[in-house]
Amino acid sequence: MNYRAPSWLRGGHAQTIWPAVAVKLAPPCYRRELWDTPDGARIALDFVDGQPGAPLVVLFHGLEGSSASHYAKALMHVVAARGWHGVVSHFRGCGGVDNPLPRAYHAGDAAEVRWILHRLSGRFAALAAVGVSLGGSMLLNYLAEEGEAALPLAAAAISAPLDLVAASTRLDTGLGKLLYTRMFLDTLKPKAMASLQRHPGLFDDVRLRRARTFIEFDDLVTAPLHGFGTALNYWTQASSKPKLKHIARPTLVLNARNDPFLPESALPDPSQVSPSVTLDFPNDGGHVGFATGPFPGRIDWLPQRVLAFVEPHLQNSTD
């Protein structure tokens, strides 16, 4: 399934911004479950229920995303149309559920993915996992750590920041800083401030208010709260690109070459991944954009591409 954006929607920034603001896609009929985590937090999982015995597709959303994100709704609609089960698993503090703990989520959080998949695996005949952006980074870290023991029979990582140093550096300069970093910090900073009110002295509130870049925020909040110390240590240790050689489950890594979050020079080549990893780097697509067709366009190419990749591996499990 080759991808090429229509001429009116070429360019990384257009591909990134357009779907989120222009595509009016109604959510599927979600059924919500609330799970208590082993350490006392709570997360929300939004399910679409399929036919008995059908496989499950688990989606791990991007930074500050949710089941209302355009890519989540698009994927879950296609999953439901096939009669499969689907679930969007929210990270801590997302999906409208408050997070009472200092610990939140981060790009290398394989432990959270492992716990969620373990709880889901016993309920469905077969399981595939999809991670978008930061969720893709988390999923790839999990797959690399688990190797052949990974629970999904197949997986896909979409627009993942494979090299966090390269991605964060790009987002902290120029148009990336003006458009995307500011947008993310507009939600990350209030959540961090609420956490500070619950846990006084957790970090410096003055520095938090002044933070305008990812390196400032991650250096103050994300890295120390999750055991990395500094932003650079966090970005280096949580990057999934060096770990792709350890993935044993069939995994699609899909990144557009014009993704404004990650320079093309940071994409891996086949010598840097295991034989189980399929690399797909179309020229266009932006960051989780991949819109097609005449204006106003469609966003069904991405879910169809993902399900076409995972379906043969799910079918083999039930033959």
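Select helix α8 (residues 214–225) and helix α9 (residues 231–238); helices here are DSSP runs of H or I with at least four residues, numbered from the N terminus. Their axes, lines fitted to C-alpha atoms over the stretch in contact, lie 8 Å apart at an angle of about 85°. α8 and α9 are therefore roughly perpendicular to each other, a label for angles of 65 to 115 degrees, taken between N-to-C directions on a scale from 0 to 180 degrees.

This is a predicted model, in which local features need pLDDT of at least 70 and side-chain atom pairs count only at pLDDT 80 or more, while totals for chains, interfaces and linings use all residues. Residues are numbered from 1 along each chain as its sequence is written, and side-chain values use heavy atoms, without hydrogens and water.

Next, show the side chains at the contact (heavy atoms within 4.5 Å). On α8, pick F214, I215, D218, D219, T222 and A223; on α9, pick A231, Y234 and W235. The contact comprises 6 nonpolar, 1 polar and 2 charged residues (nonpolar: Ala, Val, Leu, Ile, Met, Phe, Trp, Tyr, Cys and Pro; charged: Asp, Glu, Lys and Arg; polar: the others, Gly among them).

Then move to Y71, A74, L75, L302 and P303, the closest to the centre of the largest cavity among the 14 residues that line it. A cavity is a set of points on a 1 Å grid over the protein atoms alone where a 1.4 Å probe fits but cannot get out, and lining residues have an atom within 4 Å of a point. The volume is about 100 Å³, meaning the space filled by probe spheres set on the points, with grid points joined across faces, edges and corners.

Finally, colour α2 (70–81), β5 (127–132) and α10 (301–318), the elements giving two or more residues to this lining; strands are DSSP runs of E with at least two residues. α2 gives the most, with 4 residues. By class, the lining has 12 nonpolar, 2 polar and no charged residues.

Methods: Angles under 35 degrees count as roughly parallel, over 145 as roughly antiparallel, 65 to 115 as roughly perpendicular and the rest as oblique. On a 1 Å grid over the protein atoms alone, a cavity is a set of points where a 1.4 Å probe fits but cannot get out, and a pocket is an open set with protein on both sides within 12 Å along at least five of seven lines; lining residues have an atom within 4 Å of a point.
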